[in-house]
Amino acid sequence: MHSFKILLSIHRSWICTLHCVRVCFFHICFFHHSVCLSLLGTWEGPGWIPKTSTVLQVLISIQSLIFVPDPYFNEPGYSPSSDDQKRHSVVYDHQIRAATMKFAILEQLKNPSKIFRDCIINHFRLKKHRILKQIEEWKNEAKGCKLDWQKERLVAGGGIKPIDKDVSEICSKIEDYLKK
């Protein structure tokens, strides 16, 4: 169970590196620094088994719930068969992408954590072209989105409203930092 405490400490640090901005990036991570996962005993299902469960299991479980095409549908009761839920998934994706660009990329470029500064700078240097390509795709998708962001609510407590001009401005700032 010691590994579990270490994982939660890592998770708390991760939230703090985002300057404690109240953004729910993933449905399984919550503002009160907990991760909703059966393996950790915070959700129904098979739990932690002392002497056999590992931190690697936890990390792979978290990764498999986040790095999927439609993470919105990992939430219990959210179904891709519902047209309304499909629309909410699209809204959620746009909101999370905007928050990712603003807080997880731009804020880290502007104010990297002192502890991880070298690692963060190297990451952005090594992934610069990939990041630039990704934000260009997200910016184009935001431009093509026909939703009225002034009327949309934040879905599942996540993200920020990805208003086209704001997304474009964030992308320009990221490009400026990465081209330095």
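The structure is a predicted model, in which local features need pLDDT of at least 70 and side-chain atom pairs count only at pLDDT 80 or more, while totals for chains, interfaces and linings use all residues. Residues are numbered from 1 along each chain as its sequence is written, and side-chain values use heavy atoms, with hydrogens and water left out. The protein chain contains six helices and zero strands; these are DSSP runs, numbered from the N terminus, with helices (H or I) of at least four residues and strands (E) of at least two.

**Overall organisation**

- Along the sequence, the elements of the protein chain follow the pattern α-α-α-α-α-α.
- The protein chain has 180 residues, of which 39% are buried; buried means under 20% relative accessible area, exposed means over 50%, and partly exposed lies in between (1.4 Å probe, protein chains only).
- Of the contacts in the protein chain between residues at least 6 apart in sequence, 61% join residues at least 24 apart; a contact means heavy atoms within 4.5 Å.

**Helices α5 and α6**

- Two packed helices are described by the angle between their axes and the distance between the axes.
- Helix α5 spans residues 128–144 and helix α6 spans residues 164–178; their axes come within 10 Å and cross at roughly 165°.
- This angle makes α5 roughly antiparallel to α6.
- Axes are lines fitted to C-alpha atoms, for helices over the stretch in contact, and angles run from 0 to 180 degrees between N-to-C directions.
- Angles under 35 degrees count as roughly parallel, over 145 as roughly antiparallel, 65 to 115 as roughly perpendicular and the rest as oblique.
- On the α5 side, the residues making the contact include Ile-131, Leu-132, Ile-135 and Ala-142, and on the α6 side they include Val-167, Cys-171, Ile-174 and Leu-178.
- By class, this contact of α5 with α6 has eight nonpolar, one polar and six charged residues.
- In this classification, Ala, Val, Leu, Ile, Met, Phe, Trp, Tyr, Cys and Pro are nonpolar, Asp, Glu, Lys and Arg are charged, and the others, Gly among them, are polar.

**Helices α3 and α6**

- The axes of α3 and α6 also come within 10 Å, and they cross at roughly 30°.
- Helices α3 and α6 are therefore roughly parallel to each other.
- The crossing of α3 and α6 is left-handed.
- Residues of α3 in the contact include Ala-98, Met-101, Ile-105 and Leu-109, and those of α6 include Val-167, Ile-170, Ile-174 and Tyr-177.
- The contact of α3 with α6 comprises eleven nonpolar, no polar and three charged residues.

**Salt bridges**

- A salt bridge is a side-chain nitrogen of Lys or Arg within 4 Å of a carboxyl oxygen of Asp or Glu, and by this rule the count comes to seven salt bridges.
- Arg-97 and Glu-141 meet in a salt bridge through their side chains (2.3 Å, N to O).
- This pair links distant parts of the chain, with Arg-97 in helix α3 and Glu-141 in helix α5, 44 residues apart.
- Arg-97 is partly exposed at 23% relative accessibility, and Glu-141 is partly exposed at 35%.
- Glu-175 of helix α6 and Lys-139 of helix α5, 36 residues apart, form a salt bridge whose closest N and O atoms are 3.9 Å apart.
- Both Glu-175 and Lys-139 are buried.
- Salt bridges that share partners join Glu-136, Lys-139 and Glu-175 into one network.

- Helix α3 (residues 83–110) contains Glu-107, which counts as buried at 16% relative accessibility.
- Glu-107 forms a salt bridge with Lys-110, with 3.7 Å between the closest N and O atoms.
- Both residues of this pair lie in helix α3, three residues apart, about one turn of the helix, and Lys-110 is partly exposed at 36%.
- Glu-107 and Ile-174 are 67 residues apart in sequence, yet 9.2 Å apart in space, C-alpha to C-alpha.
- His-94 also lies in helix α3 and is buried, with a relative accessible area of 10%.
- Leaving aside neighbours within four places in sequence, the contacts of His-94 are Glu-141, Ala-142, Cys-145, Trp-149 and Pro-162.
- His-94 and Cys-145 are 51 residues apart in sequence and 8.8 Å apart in space, C-alpha to C-alpha.

How values were computed. Left-handed = near helix turned anticlockwise from the far one by under 90°.
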